Amino acid sequence: MSGKKKILITGGAGFIGSHVVRLFVEKYPEYQIFNLDALTYAGNLENLNDIKDQSNYNFIKGDITDEPFIKKLFATHKFDGVIHLAAESHVDRSIKDPLIFVKTNVIGTMVLLNAFKSSCNANFDGKLFYHISTDEVYGTLGEKGLFTETTPYNPNSPYSASKASSDHFVRAYGETYNLPYVISNCSNNYGQHQFPEKLIPLFINNIIENKSLPVYGDGNYTRDWLYVKDHASAIDMVFHKGKLGETYNIGGFNEWKNIDLVKLLCQQMDIKLGRPKGLSESLITYVKDRPGHDLRYAIDASKIQKELGWEPSVTFEEGLEITIDWYLNNQIWLNNVTSGAYKSYYEKQYT
Ligand code: NAD
Ligand code: DAU
């Protein structure tokens, strides 16, 4: 996809979405970028303060499940491309309140697919619907093996089941209506602007506040971590060079057991905060496990590497240091997002 284009990015005020919006606004001045976001608890326009006045950036507040509104939006703009990130994204919240995940992740995706299809009016030339998904749709790995693009879907949480369902609908629209699509399934992201309900920013915030670090179960669960700007650069490549109807797995080649990652984070935080060695580690508390907790995720990202030439740009140690520095230098951002509703979420989840 190239030239003068209108691109809709959904969920652009969230964690990954804001990095994708920034990359596209800065790298492609010839595109008009439309950021559609409902600004739920996870959406924050402060994430985009630095680019909000760019002439190729447009923000639209709206809900992807609001069918009449979305239909009208697509009929007006006839977007050339859609990069769909808007979602409910936290597994723990999906365990407590699954229905909103079905509404946003399944129905919301359907509303977008229908509106995109209608606005194209059977002429899909130069059009693309890019659906951003997760490795969690594949379920869990044992001690060995990697998720490939052909691993069967086997989701275990309401969140991953809703993402798997939306992936299936995107594919079905490709088969049934020839709707041009690509899908990517990525592993755990970390970096600036991640809402502090997810492991790394939650634990950074708790260390700053000297609060306990609630490790689920025995901590021997494995995740494959990728720096968020490397995910954004992969999304850029898939959007511009991905083959229609294909799936691309994206991962960091970077597996960590939770407890080892938490200990590394504690060591780095002690150094950054000038605290005695071991102080942050003493905050680790083993708590009740997450129900249906997937043991291990690990991505085989060789397809996107070989076919599109994508590589992560930073090591985990570098990315983690950038991330820690960002949170320490942006405690106003942290304080803003952890006041109000966050407090009652935290109480319910951890006491
Ligand atoms: P996030 O929770 O930080 O952001 C989600 C954004 O979507 C928020 O800005 C929110 O306001 C918006 N949103 C939610 N419901 C909406 C609705 N009904 N209408 C319009 N906007 C709505 O999520 P994230 O971590 O940035 O994840 C973005 C996408 O990437 C999701 O689809 C997620 O499944 C996927 N993903 C995330 C990760 C990860 O590690 N965070 C990894 C792989 C894939
Ligand atoms: O794999 C991609 C997925 O990664 C994305 O699709 C999801 O949107 C994203 O939230 C993330 O899911 P996880 O459940 O893996 O991320 P989370 O940060 O919630 O948890 C990471 C690991 O840490 C997991 O094994 C659970 C554990 N954990 C998490 C929290 C919040 C704890 O031990 N304690 C905690 O308080």
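**Entry 1: a helix and a sheet**

Which strands does helix 8 (residues 258-273) lie across, and at about what angle does it run to strand 11? I looked this up and found helix 8 lying across strand 9 and strand 11, at about 90° to strand 11. For my own reference, helices (H or I, at least four residues) and strands (E, at least two) are DSSP runs, numbered from the N terminus. Angles run from 0 to 180 degrees between N-to-C directions, with axes as lines fitted to C-alpha atoms, for helices over the stretch in contact.

A note on the model before I go on: it is predicted, so local features need pLDDT of at least 70 and side-chain atom pairs count only at pLDDT 80 or more, while totals for chains, interfaces and linings use all residues. Residues are numbered from 1 along each chain as its sequence is written, chains are lettered from A and ligands numbered from 1 in the order in which they are written, and side-chain values use heavy atoms, with hydrogens and water left out.

I see 3 strands forming an open sheet in the order 7-9-11, with mixed pairing; two strands pair if DSSP finds at least two bridges between them. Strand 7 and strand 11 are the edge strands, each pairing on one side only. From one strand to the next, the twist averages 50°. Strand 7 pairs with strand 9 (residues 222-227) in the parallel sense, over 3 bridges. Within strand 9, W225 stands opposite N188.

L226 is also found in strand 9. I get a relative accessibility of 1% for L226, so this residue counts as buried (buried means under 20% relative accessible area, exposed over 50%, partly exposed in between, with a 1.4 Å probe and protein chains only). Leaving aside neighbours within four places in sequence, L226 has contacts (heavy atoms within 4.5 Å) that include N188, H231, I250, W310 and P312.

**Entry 2: salt bridges**

I searched the whole structure and got 11 salt bridges. The cut-off is a side-chain nitrogen of Lys or Arg within 4 Å of a carboxyl oxygen of Asp or Glu.

K27 and D236 form one of them, with the closest N and O atoms 2.5 Å apart. This pair links distant parts of the chain: K27 is in helix 1 (residues 15-27) and D236 in helix 7 (residues 228-241), 209 residues apart. K27 is partly exposed at 48% relative accessible area, whereas D236 counts as buried at 5%.

I then looked at E197 and R93, whose side chains meet in a salt bridge at 2.6 Å, N to O. E197 lies in the loop between strand 7 (188-190) and helix 6 (199-208) and R93 in helix 3 (residues 91-96), so the pair ties together parts 104 residues apart in sequence. E197 is buried, with a relative accessible area of 2%. R93, E197 and K198 are linked in a network of salt bridges.

For R296 and E255, I find the closest N and O atoms of the salt bridge 2.8 Å apart. R296 sits in the loop between strand 12 (284-287) and helix 9 (302-308), E255 in strand 11 (residues 255-257), 41 residues apart. R296 counts as buried at 6% relative accessibility, and E255 as partly exposed at 37%.

**Entry 3: R290**

R290 lies in the loop between strand 12 and helix 9, and counts as buried at 16% relative accessibility. Which side chain does the R290 side chain meet in a polar contact? I found D92, at 2.7 Å. A polar contact is a pair of N or O atoms within 3.5 Å; within protein, one must be able to donate a hydrogen and the other to accept it, and residues adjacent in sequence count only if both atoms are side-chain atoms.

**Entry 4: helix 6 and the cores**

Helix 6 has 9 of its 10 residues buried, so it is largely enclosed by the rest of the structure. After helix 6 comes N210, with a positive phi near 60°.

The largest nonpolar core has 40 residues, and I9, F24, I83, Y130 and I304 have the most contacts inside it. Such a core is a set of buried Ala, Val, Leu, Ile, Met, Phe, Trp, Tyr and Cys residues joined through side-chain atoms within 4.5 Å. A second, separate core of 37 residues includes I207, I208, M269 and Y327.
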